[in-house]
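Visitor: I would like to learn how to read a protein model, one feature at a time. Could you take me through this one slowly?

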Amino acid sequence: MSIGEPITLLAKEAPVNVQIAWDVIEWHRIITNINKLQFRIAKAVKEGKRHLVKRLQYLLKNSFFAKLFSVLKVTSNKGKRTPGIDGILWKTSKRKLKAALSLTNKSYKAKPLKRTFIEKKGKNKKRPLGIPTMYDRAMQALHALTLEPVSEITADRSSFGFRKFRSANDAAEHAFNCLALKNRATWILEGDIKGCFDHINHDWLLDNIPMDKRILKEFLKSGFVYQNKLSPTESGTPQGGIISPILANMTLDGLERVIKERYWSCKTGTIDKNHNKHKVNFIRYADDFIVTADSKEVAEDVKLIIARFLAPRGLALSEEKTRITHIDDGFDFLGWNFRKYRGKLLIKPSKNSSKNIADNVRLLIKKHRAISQDDLIRILNPVIRGWCNYHRSMVSKEAFKTLDSVLFISLWKWARHRHPMKSRQWVKDKYWTRIGDRDWIFSSKKNTLYIVGRTKIVRHYMVRLDKNPFLKEDQEYFVKRSDMQRMWKTTAASSLMLA
């Protein structure tokens, strides 16, 4: 069978007896086909053609292309080795193809979630996580394909979490634009929704989410099993479900408009940013958000508006985490601290974020006292690099130097623990080396520990808020932006190598 043949078969609803080689499927053609339907859905939503949206969603969720891609998605992510309550994993090509052929809405019944608990970062608390079966994950991925273009068109402009081509860095850059200049807002409402995923009202979702109601009800009402006991789910979306972030975003979308209608409206009743005399701006990432204002009183009023918006959705603000702060005192948002120093706004890694990474690397080093230096470096490098890449567009040099110090002290203790009878010079010569003009580089024959202090600060350029990845007219912008981002990363990597 040639590479081209499977694609010809995929253009139609493939019969059960057709054998398709999973490894030779041209996935770029699959994705292109799915995108065409998603673009049409987005266009229909924008034009207000509800019946056309439903017809196109029906075509997409029954497309064999979409079913194949849904199976690919759940068998190539981090959870591919974690089964649900049925213990089934799709490891072989034969199983994956059989699964794609079996995905259907007819008589679909979701199995209960497998409940587990994971540690909250920087806290001694655990949060519940529901693990669906592979089949249920694939069904959620399939329906998420039909819902995502709808969500993107109806989304708040200043929402950045779980959205295509948007990131926490975009949210931070937008916050900088709203706060940096002298005449900008000086008060900030730091908002946090109490147990957002766990408390969303099911009736509200069933009434307002534009997808098959029976299937949505199966996703929401599947229940969960913990310690061999089946419990019902009366509210919330399953944390761990592929479709949950989209449902949560759609639940909170509209909040920005409600705030703008109160503070951006002119005499004619239209929303106009030029009438924003109270400097009210809304920035949200998932269920974390901030609202800027020119006074504490305005911030208090916005807090009441938000509470009224959330109530019908079964949600409420967390009194513990929701506070009103002056910009000179600073506030934390998405792992960064925003604060003005003598009128200049600086965004730095927050104390909690720096403490968490320091605690994490100390624990990893202490936990792996018996492994080789090469293996230890392989464990540490992804953790360190990930944290540095997240913070490298901010004022992070001081935090990077601090982490370098933490690493050196912990690694020196690790090395001395392994060779308590050897001299300091012997230990240094065994585990540290000189590279270029820099001494004390923790390096083995195969690997070198990532040097945090050499991370180049690279400015992040915010995504344009008026551009949508599901509109054809905006495709050229996102292609160019992706090319530019690759170029920036390559330049930063080259600078690091030369440093």
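**Reading a buried helix residue and its surroundings**

Guide: Val 298 has its place in helix H13, residues 296–310, where helices (H or I, at least four residues) and strands (E, at least two) are DSSP runs, numbered from the N terminus. This is a predicted model, in which local features need pLDDT of at least 70, side-chain atom pairs count only at pLDDT 80 or more, and totals for chains, interfaces and linings use all residues. Residues are numbered from 1 along each chain as its sequence is written, and side-chain values use heavy atoms, with hydrogens and water left out.

Visitor: Is Val 298 buried or exposed?

Guide: Buried means under 20% relative accessible area, exposed over 50%, and partly exposed in between (1.4 Å probe, protein chains only). Val 298 counts as buried because its relative accessibility is 8%.

Visitor: Which residues does Val 298 touch, not counting residues up to four places away in sequence?

Guide: Contact means heavy atoms within 4.5 Å. With those sequence neighbours left out, Val 298 touches Tyr 263, His 278, Val 280 and Ala 293. The C-alpha atoms of Val 298 and Val 280 are separated by 8.3 Å, although the two residues are 18 residues apart along the chain.

Visitor: Where does Asn 276 lie?

Guide: Asn 276 lies in the loop between helix H12 (255–263) and strand S6 (281–285), and Asn 276 counts as buried because its relative accessibility is 14%. Not counting residues up to four places away in sequence, Asn 276 touches Tyr 263, Trp 264 and Asn 281. A polar atom of the Asn 276 side chain lies 2.9 Å from the backbone nitrogen of Val 280.

Note on methods: Polar contact = N/O pair within 3.5 Å; in protein donor to acceptor, adjacent residues only side chain to side chain.
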